Amino acid sequence: MIRLRSNTLCGLLFLAIALGFGWAAAGYDLGTARRMGPGYFPLLAAAILGLFGLVILGRDLLAAARGAASTSPDEPVPWRRGLLIIGAIVFFAATAAGLGLVPALAVSVLLASRAGANSWRQSLVQAVVLTLMCTVIFQMGLGLKLPLIGPWLAL
Amino acid sequence: MDLFQALLTGAATAFAPINILYCFIGVLLGTIVGVLPGVGPTATVALLLPATFSLDPASGIIMLAGIYYGAQYGGSTTAILLNLPGESSSAVTAIDGYRMAQQGRAGTALATAALGSFFAGTVATMILAVAAPALSQVALQFRSVEYFSLILLGLVTSVLLAHGSILKALAMIALGVLLSLVGQDVATGTPRFTFDLFQLYNGIDFVAVSVGVYGISEILRNLENTGARSTMVHALSRLWLTRKEFREIAAPVVRGTALGSFFGILPGGGHVLSSFASYSLEKAIAREPSRFGRGAIEGVAGPESANNAAAQTSFIPLLTLGLPAHPVMALMIGAFIMQGIVPGPQVISSEPQLFWGLIVSMWIGNLLLVILNLPLIGIWVKLLSIRYDALFPAIVAFSCIGAYSVMSSGFGVLLLALFGVLGYVLVRFGCELAPFILGFVLGPLLEEHFRRAMMFSRGDPTVFLQSPISVGFILLSLLALGAMMMPGFRRRRAEIFTSSDD
């Protein structure tokens, strides 16, 4: 399997984003240079980003052709731990309003905590302590607009 | 009304015990929340904003201003102790401040930040009081042409600070600008890049973006290596500065204050620019520029002073023109309007008590900040002894709540996750976040002034070369870019940054 080079991917990412935005921007009214529509400036910005993406890509392809080593970082991507963190955030996003602050945050902290070198006991303690702390500071102290226990759990 | 009389009016308001109390509460709350890692000044102010609505206008605004200074200082504290800058301006502080913390000089760095900020705050408040009307005249003369060139210069300057590839840094600016354009077009109301999501009509929430790319992506990066984390093992030697260190910071603090006072007046990211500019200046004139990025005390003193001076003077465009200079000031406008006051030129004459009370309370707020923080530095430094595995769940929790609170919706939290991943991917590719954030903050202004300037010139792009001020800014940008391309400069820059990245 060909190992994709870091800079190749970087150039491709910029290029892809530029094409996506550029394509959408071209769909808006461009207007004229004198009276620009909503699409003019974004199209310009996307073109500039695309240009940089192309140059990054091109330079790396040239470097690869010369046989230069890729500059990819050695550390493996922390898939399991990363997914736990992102999962914890997405869980909070999806359930905060429905479950309420206390249950949503407790589960999120528990999930996030499992990404680290914590024993189950430590994770549970963190979940309890942080939930309590955040409830007192943000909900009671600062009037965060979130019910403690949400409508999904109401009897 | 002459200045002395005006200040007396202000003092009568600001020294009212109840207002001193609210100022104190504001500074205290701002510091406590701002010091929480992952919750930057913007998020802090956004979180605490509702707490001021029940107060009368003067007390409410004074407390909010106190929250802002506290949050700003708290943001610098997390930047220094945990390399977690809450916003782009403290990203500069993190470069050398975090290095100092790693060398066991966290106390010195924090004291430097506090003292520099106090000096800068005092001077900038005086400038604000003396010169508010006159200075606003200078900024008033700037038309869109000059603004556009100035913003361009600011964006190019941010590349000077990038560690890695110049090309990637420039691409990151473009990416930031592009993402900042999401939302309704101001001029025509057309929703752009919104995927028909009404939550995106007001643009991508700044708090979710900044906390995501700085806070969350940093956690993901730290989880790459399972071994001992070198970030958390710094013994603390001293909390105060030596006589030698006082001498070292004196000049950078004064220069930073001057730069910050000037940049802060400019509506549009001047606050962010000032710390970047101060860092570049200190590095440029230092006898050994290679020390920068390795814990140079000037790299903390200059930008922190500049930052705080700009924080004060950025009230000038807000109070005299009704223009927010950065996201926090945009929140301030919201607070003013909630209190029934429309910010603008009329505030000085129609609400003299409020205007001058706010100015006097700024100085009180800065004083309280030093009184409060110097003794508490020990407590902030103790944050370092927390195990990272116990700390990052807390960062996740605070980030989630911060992102939620801005719009009171889970959508902001989803954005947080998205930008956490994006930030992680980009940094893994060797891209820098500071140019991205700056592009994101300045993007809308760049577009607005570009469109307006082109409209006045009837579509003629040479308009940017017809104003001497604009030509000056553009020449400076080209000079900076040209210098970066020079092989000699590139080698030196690479040397500096690789040695600091070990």
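Which residues form one aromatic cluster? In this predicted model, the cluster is made up of Phe41(A), Phe148(B), Phe450(B) and Phe464(B).

Contacts between the chains involve 64 residues of chain B and 63 residues of chain A. Together the two chains bury about 5,600 Å², and carbon and sulfur atoms account for 79% of that area. Salt bridges between chain B and chain A number zero. Polar contacts, in turn, link seven residue pairs across the interface, with both partners at pLDDT 80 or more. Several elements of chain B supply at least two residues each to the side that touches chain A: helix 3 (41-48), helix 8 (166-180), strand 2 (191-192), helix 9 (206-222), helix 17 (388-407), helix 18 (410-428) and helix 19 (433-456). Of the chain B residues on this side, helix 17 gives the largest share, with 12 residues. Sorted by class, the side of chain B that touches chain A holds 45 nonpolar residues, eight polar ones and 11 charged ones.

Turning to the aromatic rings, a search of the whole structure returns 12 aromatic pairs over all chains. In one of them, Phe41(A) and Phe450(B), the ring centres lie 5.7 Å apart and the planes meet at 50°, so the pair is classed as tilted. This pair crosses between chains, joining Phe41(A) of helix 2 (residues 40-65) in chain A to Phe450(B) of helix 19 in chain B. Phe41(A) has a relative accessibility of 6% and therefore counts as buried. Phe450(B), with a relative accessible area of 10%, is buried as well. Both of these residues also belong to the cluster with Phe148(B) and Phe464(B).

Another tilted aromatic pair is formed by Tyr68(B) and Tyr69(B), with 6.1 Å from centre to centre and 40° between the planes. Tyr68(B) and Tyr69(B) are both buried.

Ala251(B) sits in helix 10 of chain B, which covers residues 243-265. Its relative accessibility is 36%, so Ala251(B) counts as partly exposed. Along the chain, Ala251(B) and Glu282(B) are 31 residues apart, while 9.6 Å separates their C-alpha atoms.

Definitions and conventions: Residues are numbered from 1 along each chain as its sequence is written. Chains are lettered from A and ligands numbered from 1 in the order in which they are written. This is a predicted model: local features need pLDDT of at least 70, side-chain atom pairs count only at pLDDT 80 or more; totals for chains, interfaces and linings use all residues. Side-chain values use heavy atoms; hydrogens and water are left out. Contact means heavy atoms within 4.5 Å. Buried area is the accessible area (1.4 Å probe) that two parts lose on being put together, summed over both. A salt bridge is a side-chain nitrogen of Lys or Arg within 4 Å of a carboxyl oxygen of Asp or Glu. A polar contact is a pair of N or O atoms within 3.5 Å; within protein, one must be able to donate a hydrogen and the other to accept it, and residues adjacent in sequence count only if both atoms are side-chain atoms. Helices (H or I, at least four residues) and strands (E, at least two) are DSSP runs, numbered from the N terminus. Ala, Val, Leu, Ile, Met, Phe, Trp, Tyr, Cys and Pro count as nonpolar, Asp, Glu, Lys and Arg as charged, and the others, Gly among them, as polar. Rings of Phe, Tyr and Trp (its six-membered ring) pair if their centres lie within 6.5 Å; planes under 30 degrees apart count as stacked, over 60 as edge-to-face and the rest as tilted. Buried means under 20% relative accessible area, exposed over 50%, partly exposed in between (1.4 Å probe, protein chains only).
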